[in-house]
Amino acid sequence: MADVAIAPEAVRDTIAAALGAKALNVDVALGEVVLTVSPGDYHAAALILRDAPGCQFEQMIDLCGLDFSAYGDGRWEGPRFAAVLQLLSVSLNQRVRLRVFCADDEFPVLPTVTDVWNGANWYEREAFDLYGIMFEGHDDLRRILTDYGFIGHPFRKDFPLSGHVEMRYDAERQRVVYEPVSIEPRELTPRVIREENYGGLH
């Protein structure tokens, strides 16, 4: 195992050489290597990153979904949904962030990488549950954090803060019931009240 982490610029160059045209972009940002691939090359790129000499990213530390629809105060013009993976090479003591955007905003789909890194299983289920990203080839893609009858994907930027339904225990029926949300929208602008000599000021 390497004693010292390899310089990010060296990792960037090694990854760029290993992936070739499969890498849309390989950069160093804030001391970290950030790699972007297309959905069509995502699975093949994952295999290369795991197996290629000089890469050897044996561990997937994290996978999360992202919704870019409100990114940059709405100035974002690229695809809406993405998956971002944090990869670690224990043997070479190096890391990379792998990002892949879904081709279709209306029905976001990516291939699964559970056959590359087993740990992706529950992370992909979480991205499906919270963002609605489908992972083609996943053998058990179902909700993992929300309730059984939950409607929608709560981390999408257009999901209402109050949700669609609320649940409560009904003593008469002796069970939990779901009902439309009863929260009234409210004005969040604070009222400023000026009083003469407020706080001892003159």
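Gln-174 is exposed, with a relative accessible area of 62% (exposed means over 50% relative accessible area, buried under 20%, partly exposed in between, with a 1.4 Å probe and protein chains only). The model is a predicted one: local features need pLDDT of at least 70, side-chain atom pairs count only at pLDDT 80 or more, and totals for chains, interfaces and linings use all residues. Residues are numbered from 1 along each chain as its sequence is written, and side-chain values use heavy atoms, with hydrogens and water left out.

Gln-174 sits in the loop between β8 (165-170) and β9 (175-180). Strands (E, at least two residues) and helices (H or I, at least four) are DSSP runs, numbered from the N terminus. The phi of Gln-174 is near 60 degrees, a positive value in a residue other than glycine.

The largest share of the patch, three residues, comes from β8. Met-167 is found in that strand.

Strand β4 presents another setting. Eight of its nine residues are buried, so β4 is largely enclosed by the rest of the structure. It runs antiparallel to β3, and eight bridges join the two; strands pair if DSSP finds at least two bridges between them. Met-60 has Leu-87 of β4 as its bridge partner. Eight bridges also join β4 to β5, again antiparallel. Here Leu-85 is partnered by Leu-98 of β5.

β4 and β5 form a hairpin with four residues between them. Asn-93 lies in the loop between these strands. Its phi is positive, about 55 degrees, although Asn-93 is not a glycine. Asn-93 is partly exposed, with a relative accessible area of 25%.

The whole structure holds seven aromatic pairs. Rings of Phe, Tyr and Trp (its six-membered ring) pair if their centres lie within 6.5 Å; planes under 30 degrees apart count as stacked, over 60 as edge-to-face and the rest as tilted. Phe-68 and Tyr-71 make an edge-to-face pair, at 5.4 Å centre to centre and 65 degrees between the planes. Phe-68 also pairs with Phe-101: the centres are 5.2 Å apart and the planes at 55 degrees, so this pair is tilted. Phe-68 belongs to the loop between β3 (59-67) and β4 (81-89), and Phe-101 to strand β5 (residues 94-101), so the pair ties together parts that are 33 residues apart in sequence. Both Phe-68 and Phe-101 are buried; the relative accessible area of Phe-68 is 7%. Phe-68, Tyr-71, Trp-76 and Phe-101 form one aromatic cluster.

Cysteines were examined last. A disulfide is a pair of cysteine sulfur atoms within 2.5 Å. The count by this rule is zero. The sulfur of Cys-64 is 12 Å from the closest cysteine sulfur, in Cys-102, too far for a bond. Cys-64 is partly exposed, with a relative accessible area of 27%. Cys-55 is buried, at 0% relative accessibility.
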